[in-house]
Amino acid sequence: MGGSVRDFLLGRETKDHDIATSANPDELCEIFTNAVTVGKIFGVIRVPYPDQVIEVATFRQDLDYRDHRHPEKVVFSSPEDDAQRRDFTVNALFYDPKTSRILDTVEGMNALREKSICAIGNPTHRFKEDALRLLRAVRFSAELNFILEEYTALAIEQHARLITKISGERVRDELTLMLTGSHPAEAFRLLSSTGLFPWVLPEISHFKPTGGMWTYLVKALDALSRQSPRRSSAVAWATLLHEAGKTATNKKIDSEALTAAHLALVQKISDRLKMPGELIDSICLLITEQPKFREVFEMRESTLQRFIRQPKFAELLALHRAVAIASDGNLAFYEFAQSRYAEFLKSPGMDAKKFLTGEDLIQMGFSPGPKFSQILRTVEDLALELKITSKQEALDYVLQHFVG
Ligand code: ATP
Ligand code: MG
């Protein structure tokens, strides 16, 4: 049912299989004795299998939506009613394994043929019931390369503001799915044309669809998605936010102040969308490390090695490429950094920090202090530049240069 039947009919890979049935939750628990029953009052149980958890839901009707979010009550019912509670016609198809037939009570097959995302029933009512559907419509339309059916699109434009009723987490999850999906640039074009964008990301609503910044942003998202089909949420969000601090007014501030203002803005967005701390840290790191690419040709070898050996370098590189394509198209820094990174991946060698440790220095009679760190750093630099290639060479170097 739902997404998996849609994806199967479109020949797409399916993420999860959901099952719907006329059996009620108590009957289901007798059949699946290992079921997890967290959503039981809503008629949903989860059955754990070795490689995935399958959701089994009783056909139901959702009643009395409050606050544009959740139904107050559900009643167990028929597949026809169950289809009615779903968001879009393409998401309301059932496959009946007994008869091997598709059960389509909402003209979902037609919408699949027409490549159209169409709300079930009255679009305005459906978006008012649950405003998250506003974003889901955009996400499915971009992901599947489907048009937004005329009245569905109109209702989104008219009620875009309702998205502010939805919690930061749920908005964040939808945006992340758009950003990491197949066509993020298209998703953002749609967010803009439907008028959702300023309500979803008010902090960067100064990115006007007619302006150069917007074209640049969409180009960067497009470049990233073409190059990295399976990208992390951090790099996807960083691509969206790396220029967020730039406005027409702050062009003249020095770059340090700009970075601080920029990071404060990123933090504000991340807080509102309740991003996990780890994700925020990664996004900020990807943004603040970017300018270093412009220096790669002049960097000392050890500095370059430290730069490319950081854990998030692959993501940094992907972001830099997208940014370069979207701005001046100069890929020289990218190509150089990429080739050095490829060399490193081919033969990572020994961790430069391990040639010499504090322990070794103590045994040689040094005591911790500024000179101590200076020695470790010098040896690490030389190891990164391949001027020292073994522990013995490191010890000899220290004896020659720092003893006596
Ligand atoms: P995806 O590929 O993103 O998982 P999906 O269609 O499977 O797409 P889910 O969010 O997994 O989407 O939800 C499964 C099904 O539940 C949907 O196909 C739809 O029928 C229904 N559904 C989910 N969220 C809503 C909602 N907010 N309003 C109405 N129906 C919904
Ligand atoms: Mg799904």
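# Helix packing and burial in a predicted model

Q: What makes the crossing of helix 16 and helix 17 left-handed?
A: The crossing of helix 16 and helix 17 is left-handed: the term applies if the near helix is turned anticlockwise from the far one by less than a right angle, and right-handed if clockwise. The model is predicted, so local features need pLDDT of at least 70 and side-chain atom pairs count only at pLDDT 80 or more, while totals for chains, interfaces and linings use all residues. Residues are numbered from 1 along each chain as its sequence is written, chains are lettered from A and ligands numbered from 1 in the order in which they are written, and side-chain values use heavy atoms, with hydrogens and water left out.

Q: Why are helix 16 and helix 17 called roughly antiparallel?
A: The axes of helix 16 (residues 313–326) and helix 17 cross at roughly 160° and come within 10 Å. Axes are lines fitted to C-alpha atoms, for helices over the stretch in contact, and angles run from 0 to 180 degrees between N-to-C directions. Angles under 35 degrees count as roughly parallel, over 145 as roughly antiparallel, 65 to 115 as roughly perpendicular and the rest as oblique. Helix 16 and helix 17 are therefore roughly antiparallel.

Q: Which residues make the contact of helix 16 and helix 17?
A: Helix 16 contributes Phe313, Ala314, Leu317, His320 and Arg321, and helix 17 contributes Phe333, Tyr334, Ala337, Gln338 and Tyr341; contact means heavy atoms within 4.5 Å. By class, seven nonpolar, two polar and one charged residues form the contact of helix 16 with helix 17. In this scheme Ala, Val, Leu, Ile, Met, Phe, Trp, Tyr, Cys and Pro count as nonpolar, Asp, Glu, Lys and Arg as charged, and the others, Gly among them, as polar.

Q: Why does Ala337 count as buried?
A: Buried means under 20% relative accessible area, exposed over 50%, partly exposed in between (1.4 Å probe, protein chains only). Ala337 has 0% relative accessibility and therefore counts as buried. Ala337 lies in helix 17, residues 332–346; helices (H or I, at least four residues) and strands (E, at least two) are DSSP runs, numbered from the N terminus. Apart from neighbours within four places in sequence, Ala337 is in contact with Phe293, Phe313 and Leu317.

Q: What makes helix 12 roughly parallel to helix 16?
A: Helix 12 (residues 233–241) and helix 16 pack at an angle of about 30°, their axes being 10 Å apart. That angle makes helix 12 roughly parallel to helix 16. The crossing of helix 12 and helix 16 is right-handed. Here Ala234, Val235, Ala238 and Thr239 of helix 12 meet Glu315, Ala318 and Leu319 of helix 16. The contact of helix 12 with helix 16 has five nonpolar, one polar and one charged residues by class.

Q: Why is Arg126 called buried?
A: Arg126 is buried because its relative accessible area is 7%. Arg126 belongs to helix 5, residues 123–129. With neighbours within four places in sequence left aside, Arg126 is in contact with Gln84, Arg85, Arg86, Asp87, Ile120 and Arg133.

Q: Why does His159 count as buried?
A: The relative accessibility of His159 is 16%, so His159 counts as buried. His159 is found in helix 7, residues 150–159. Beyond neighbours within four places in sequence, the contacts of His159 are Thr124, Lys128 and Leu134.

Q: What is the relative accessible area of Pro368?
A: The relative accessible area of Pro368 is 61%, so Pro368 is exposed. Pro368 sits in the loop between helix 18 (358–363) and helix 19. Its C-alpha atom is separated by 7.9 Å from that of Gly358, ten residues apart along the chain.

Q: How do you know that helix 9 is mostly covered?
A: Seven of the ten residues of helix 9 (residues 184–193) are buried, namely Pro184, Ala185, Ala187, Phe188, Leu190, Leu191 and Ser192. Among the elements covering these buried residues are helix 6, helix 8 and helix 12.

Q: Which residues of the largest nonpolar core touch the most other members?
A: Of its 88 residues, Leu175, Phe188, Leu196, Leu201 and Leu241 touch the most other members. A nonpolar core is a set of buried Ala, Val, Leu, Ile, Met, Phe, Trp, Tyr and Cys residues joined through side-chain atoms within 4.5 Å. A second, separate core of 15 residues includes Phe355, Leu384, Ala394 and Val398.
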